[in-house]
Amino acid sequence: MKRNILLHPDPRLKKTATPVADLSDGLRRLADDMVETMYAAPGIGLAAPQVGVLERLIVLDCTPDDSAERGLLVMFNPQIIAQSEDTSSYEEGCLSIPDHYGQVTRPAEVTVTWLDRDGIPQQQDFSGLWSTCVQHEIDHLDGKLFIEYLGIMKRQLITRKMQKLKRERARA
Ligand code: NI
C-alpha cells in the first residue's frame with residue numbers, strides 16, 4: 001500500500017527516529033509500503049519519518065532505470081561505522097522537498113551496518129551515488145534534511161516556496 005509522503009516543513013521531519021527493537025510483521029509491512037511508495041514517486045530512497053513513522057528504517061535503490069536488475073536495499077537501524085576523508089558532491093533532491101535541488105558535499109565512501117528485512121545483520125561499503133543516497137536517508141532518521149547543508153539564503157528560499165506549495169495544496 002502506498003503511503004503519503006510528508007512535505008517539508010513538517011515537525012515530524014525534524015525528529016530523531018527510534019531504533020527498531022523487534023522486527024515485527026508490522027515493520028516489514030511498513031518497509032514493503034515504503035518500497036512501493038519510493039518506486040511510485042519515483043525516487044531512489046525513502047526514510048520512515050517521511051511517511052510519518054519515527055522508526056529507524058530506510059529503503060533505497062540507486063540502480064539506473066534501464067538496469068535489468070533492481071538493487072533494492074531495506075535497512076533497519078542503519079549505522080555509518082566508517083567514512084572516507086575524501087568527499088564527493090552531488091546535486092541532491094528529496095521526495096519531501098519536490099522540485100528543489102542543491103549541491104551537497106559528503107564523504108565519498110561510507111561503510112554501513114544494518115539489519116535486513118529478515119533481521120540479518122549486514123555490512124557493506126558504498127561509493128558514488130549509493131554513498132550519497134544512504135547518507136541522505138540516514139540523515140532523515142536524525143531529523144536532518146539536505147537543505148541544511150546549503151547556504152541559509154537558499155535554504156530559506158526553498159522553505160518559503162514549500163510553505164506556499166503546501167498552502168496551495170491544502171486549499172485545493
Ligand atoms: Ni530525502
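Predicted model: local features only at pLDDT ≥ 70, side-chain atom pairs only at ≥ 80, totals over all residues.
1. Residues are numbered from 1 along each chain as its sequence is written, and side-chain values use heavy atoms, with hydrogens and water left out.

2. Now the overall layout. The protein chain has three helices and seven strands, in the order α-β-β-β-β-β-β-β-α-α along the sequence. Helices (H or I, at least four residues) and strands (E, at least two) are DSSP runs, numbered from the N terminus. The radius of gyration is 16 Å, close to the 16 Å that the globule rule gives for 172 residues, so the chain is as compact as a globular protein of that length. That radius is taken over C-alpha atoms, and the rule is 2.2 Å times the number of residues to the power 0.38.

3. How much of the chain is buried? Buried residues make up 43% of the 172 residues. Buried means under 20% relative accessible area, exposed over 50%, and partly exposed in between (1.4 Å probe, protein chains only).

4. Next, look inside. The largest nonpolar core has 16 residues, and L30, M34, L57, V59, V74 and F76 have the most contacts within it. At least two core residues come from each of α1 (25-40), β2 (57-60) and β3 (73-83), with α1 giving the largest share, six residues. A nonpolar core is a set of buried Ala, Val, Leu, Ile, Met, Phe, Trp, Tyr and Cys residues joined through side-chain atoms within 4.5 Å. A second, separate core of 15 residues includes I58, V112, C133 and I138.

5. Leaving out residues up to four places away in sequence, V74 touches A31, V35, L57, I58, V59, W114, L115, D116 and R117. Contact means heavy atoms within 4.5 Å.

6. At 1.5 Å a residue, the 16 residues of α1 should span 22 Å, and the end C-alpha atoms are 22 Å apart, which agrees. The expected span is 1.5 Å times one less than the number of residues.

7. A disulfide is a pair of cysteine sulfur atoms within 2.5 Å, and the whole structure has zero disulfides. C133 counts as buried because its relative accessibility is 5%.

8. Finally, some backbone details. Most residues other than glycine have a negative phi, and most peptide bonds are trans. The H8 to P9 bond is cis, with omega near -5 degrees, and P9 sits in the segment before α1. Another cis bond joins A41 and P42, with omega about -10 degrees; P42 is in the loop between α1 and β1. Phi is positive at N77, near 50 degrees, in strand β3. Phi is also positive at D99, near 70 degrees, in the loop between β4 (87-92) and β5 (102-107).
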